[in-house]
Amino acid sequence: MPRPKNAGTSLDRARPLDHQKAHEIQAFGHLTRLPIALSENTARQSVENLNQVLADTFTLRDLYKKHHWQVAGPTFYQLHLLYDKHYEEQNALVDTLAERIQSLGGLTLAMAPDIAETTIIPRAPKGREEVPAQISRLLHAHEIILKEARTMARLAAESGDDGTNDLLISDLIRSNEKQVWFLSEHLVDVPLVKAD
Ligand SMILES: [Fe+2]
């Protein structure tokens with residue numbers, strides 16, 4: 001029986017072309033120009049600032065998961081849940097920041113070693129901390145992010161990047177401020193059973 005025409009080719013075409021390598025199509029730190037009516041300098045400044053706050057948001061997000069797993073004591077359950085809620089909200093912010101960077105023609109930081117190299121949030125120990133120390137560490141990280149985000153929002157507004165300004169204020173700053181409130185109330189020393 002004659003072999004169907006192109007049988008070999010068809011079989012070859014079903015084989016996954018794995019183990020491929022190629023040059024990068026965009027080097028980190030280089031901007032690709034998108035038609036969004038922003039100057040290259042403005043986009044570059046926003047991308048650099050957003051990558052910094054992205055690295056810090058990644059780190060704060062992961063700090064929440066660490067504490068979600070390692071929390072101990074009588075408030076275990078409520079903090080276990082609260083830490084995870086804040087983790088999810090920070091995770092959404094990571095995505096919002098990263099997609100803004102790409103929308104500006106930049107390249108987002110993504111991998112853990114690059115995040116660790118870039119963040120200005122102090123490194124947490126591998127070991128387990130008491131609840132007040134966990135919360136203090138989280139509050140410090142929030143404050144670092146809030147401080148830089150307010151400066152970056154002003155710079156974005158001054159340079160005409162209203163989209164970045166709005167993202168930083170409406171999404172990032174407001175979420176962080178609210179999470180700070182929820183955490184801070186756990187460090188108020190009020191009696192649990194008997195009033196003073
Ligand atoms: Fe969990």
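**Reading the spaces, core and rings**

Mentor: Helix 2 contributes 6 residues to the lining of the largest pocket, the most of any element. The model is predicted, so local features need pLDDT of at least 70 and side-chain atom pairs count only at pLDDT 80 or more, while totals for chains, interfaces and linings use all residues. Residues are numbered from 1 along each chain as its sequence is written, and side-chain values use heavy atoms, with hydrogens and water left out.

Trainee: What makes a space a pocket, and what makes it a cavity?

Mentor: Both are sets of points on a 1 Å grid over the protein atoms alone. In a cavity a 1.4 Å probe fits but cannot get out; a pocket is an open set with protein on both sides within 12 Å along at least five of seven lines. A residue belongs to the lining if it has an atom within 4 Å of a point. Points are joined across faces, edges and corners, and the volume is the space filled by probe spheres set on them.

Trainee: What volume does the largest pocket have, and which residues are closest to its centre?

Mentor: Its volume is about 470 Å³. It is lined by 16 residues, and Thr59, Asp62, Ala116, Arg123 and Ala124 are the closest to its centre. Helix 2 and helix 4 (112-118) each supply at least two lining residues; helices here are DSSP runs of H or I with at least four residues, numbered from the N terminus.

Trainee: How does its lining divide by residue type?

Mentor: Into 9 nonpolar, 2 polar and 5 charged residues. Nonpolar covers Ala, Val, Leu, Ile, Met, Phe, Trp, Tyr, Cys and Pro, charged covers Asp, Glu, Lys and Arg, and the others, Gly among them, are polar. The second largest pocket holds about 310 Å³, and its lining divides into 6 nonpolar, 3 polar and 2 charged. Pro74, His186 and Leu192 are among the residues that line that pocket.

Trainee: How many cavities of 30 Å³ or more are there?

Mentor: The search of the whole structure finds 1. Gln45, Ser46, Asn49, Met152, Leu155, Ala156 and Thr164 line the largest cavity. Helix 2 (40-70) and helix 5 (131-158) each give at least two residues to that lining, which has 3 nonpolar, 4 polar and no charged residues.

Trainee: Is His142 buried or exposed, and how do you know?

Mentor: Buried means under 20% relative accessible area, exposed over 50%, and partly exposed in between, with a 1.4 Å probe and protein chains only. His142 has 0%, so His142 is buried. This residue is in helix 5. Its contacts (heavy atoms within 4.5 Å) include Leu60, Tyr64 and Asn176.

Trainee: And why is Arg137 called partly exposed?

Mentor: Its relative accessibility is 21%, so Arg137 falls in the partly exposed range. Arg137 is also in helix 5. Pro122 is 15 residues away in sequence, with 8.8 Å between the two C-alpha atoms.

Trainee: What makes a set of residues a nonpolar core?

Mentor: The set must consist of buried Ala, Val, Leu, Ile, Met, Phe, Trp, Tyr and Cys residues joined through side-chain atoms within 4.5 Å. The largest one has 42 residues, and Val53, Leu54, Tyr83, Leu168, Leu172 and Leu183 have the most contacts inside it. Helix 2, helix 3 (76-103), helix 5 and helix 6 (162-184) each supply at least two residues of this core, and helix 5 gives the most, with 11. In soluble globular proteins, nonpolar side chains tend to be buried together.

Trainee: How many aromatic pairs does the structure hold?

Mentor: It holds 2. Rings of Phe, Tyr and Trp (its six-membered ring) pair if their centres lie within 6.5 Å; planes under 30 degrees apart are stacked, over 60 edge-to-face, and the rest tilted.

Trainee: Which label does the pair of Tyr64 and Tyr83 get, and why?

Mentor: Their centres are 6.1 Å apart and their planes are at 55°, so the pair is tilted. The pair links distant parts of the chain, with Tyr64 in helix 2 and Tyr83 in helix 3, 19 residues apart. Both tyrosines, Tyr64 and Tyr83, are buried.

Trainee: Why is the pair of Trp181 and Phe182 called edge-to-face?

Mentor: With centres 5.0 Å apart and planes at 80°, the pair of Trp181 and Phe182 is edge-to-face. Phe182 has 33% relative accessibility, so Phe182 is partly exposed.

Methods: Lists of a residue's contacts leave out its neighbours within four places in sequence.
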